[in-house]
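Let's walk through this one together, with a few questions and answers. Have the sequence and the fold open beside you.

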Amino acid sequence: MKPIVTIVVVPHERFSCTQVSLESIYAHTNFPFKLIYVDGNSPAKVQQYLETQAQEKCFEIIRTNYYLSPNHARNIGLSRVDTKYLVFVDNDVIVSPGWLTALVNCAEETEATVVGPLMCEKQPIHKRVHFAGGESRVVTDVKGRRHLREKMYKQGHNAVELRPQLKRTQTELAEFHCTLVRREIFDRIGYLDEAMLNTKEHLDFCMTVAQVGGTVYFEPDSLVTYVPGPPLEWTDLHFYMLRWSDAWTLGSLQRLREKWNLSEDGYFQTKYKKLGVRRIATIIKPFVRQVSFGFENKPLKRTMKKLDRKFNRYLSDRYAKMLPQRKLELPPIQKVTVTPELAKA
């Protein structure tokens, strides 16, 4: 039977989880699928591994010689999808048995446009809830100002205890860590917005889907876990720092505000104050403790934070200057013809 779903794997924030993630997909996915792996300038060791696996398992690799922002990577994969559904999966996600079957069943039975799984986070896998559906919409106050309403359900709960209580339900939000999408929606909304560089792109996408009449569902029978950084190897550092750069974050927030005509309220002010927090937590603090024999060493941390901001600005400026000459030109969205057999599949 011809597969009706394509898994599109894209870089999230590092490369050191590549093998564990890919092996979980092939170990725990019984539903027929195609796979497209978007490799955004992974280090040589990872590149070689992926090329070997692609030959053995017959999947397609699309490699660039530069790092990719998330929506840019997803669009590259999307441009090659010709199936009824696709599933965006980050390269640090570990799936569980039956995960894809549950997502497809939900889409088929509800006619959902987007389906998100029960998303867990960190290790041990499949234990701590990261996301179980949520809210994403614009609300208007009495003065006519528009505000973003964002809420993630059940974050931090014990997944083993919570899961029997959860039911499939329509929701407003799914996360790009892992989400199934009905391919035909892109005929209506076009490619994902690449001005959303590194944060809140899932909110923008889900609100865009809702704007054109699409629906989002949460499916707890599908269980996956994303394993966040820190970057475990030196070869992760450059991409990680660019991926969570101040420039990309500010650019994304500005695009979100302008696109949805949002007030620059406390929501955005809080985001501005947290600029660089991931780099501080995963790179600077561990380094300071290591060289200070376990002590916090606040003066050194302040110095490192200043250096980090300057170096981070250099990385993002350099990337911005070089990207126009490197960036792949995507073809126009091609409408997928759904045959009667595919429609009933």
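For residue classes, Ala, Val, Leu, Ile, Met, Phe, Trp, Tyr, Cys and Pro count as nonpolar, Asp, Glu, Lys and Arg as charged, and the others, Gly among them, as polar. This is a predicted model, where local features need pLDDT of at least 70, side-chain atom pairs count only at pLDDT 80 or more, and totals for chains, interfaces and linings use all residues. Residues are numbered from 1 along each chain as its sequence is written, and side-chain values use heavy atoms, leaving out hydrogens and water.

Q: By class, what residues does the lining of the largest cavity have?
A: Lining residues have an atom within 4 Å of a cavity point, a cavity being a set of points on a 1 Å grid over the protein atoms alone where a 1.4 Å probe fits but cannot get out. Among the residues lining the largest cavity are Val10, Phe15, Asp39 and Asn91. By class, the lining comes to seven nonpolar, four polar and one charged residues.

Q: Which element gives the most to the lining of the largest cavity?
A: Helices (H or I, at least four residues) and strands (E, at least two) are DSSP runs, numbered from the N terminus. Strand 2 (34-40) and helix 2 (44-57) each supply at least two lining residues. With four residues, the top contributor is strand 2.

Q: Is aspartate 204 buried or exposed?
A: Aspartate 204 sits in helix 7 (residues 201-211). Buried means under 20% relative accessible area, exposed over 50%, and partly exposed in between (1.4 Å probe, protein chains only). Because its relative accessible area is 4%, aspartate 204 is buried.

Q: With which side chain does the side chain of aspartate 204 make a polar contact?
A: Contact means heavy atoms within 4.5 Å, and aspartate 204 touches Asp193, Met196, Leu256, Lys259 and Trp260, not counting residues up to four places away in sequence. A polar contact is a pair of N or O atoms within 3.5 Å; within protein, one must be able to donate a hydrogen and the other to accept it, and residues adjacent in sequence count only if both atoms are side-chain atoms. At 2.9 Å, the partner is tryptophan 260.

Q: Does asparagine 261 count as buried or exposed?
A: Asparagine 261 has a positive phi of about 55° although it is not a glycine. Its place is the loop between helix 9 (246-260) and helix 10 (266-273). Because its relative accessibility is 55%, asparagine 261 counts as exposed.

Technical notes. 1 Å grid on protein atoms, 1.4 Å probe; cavity = no way out; pocket = protein on both sides within 12 Å on 5 of 7 lines; lining within 4 Å.
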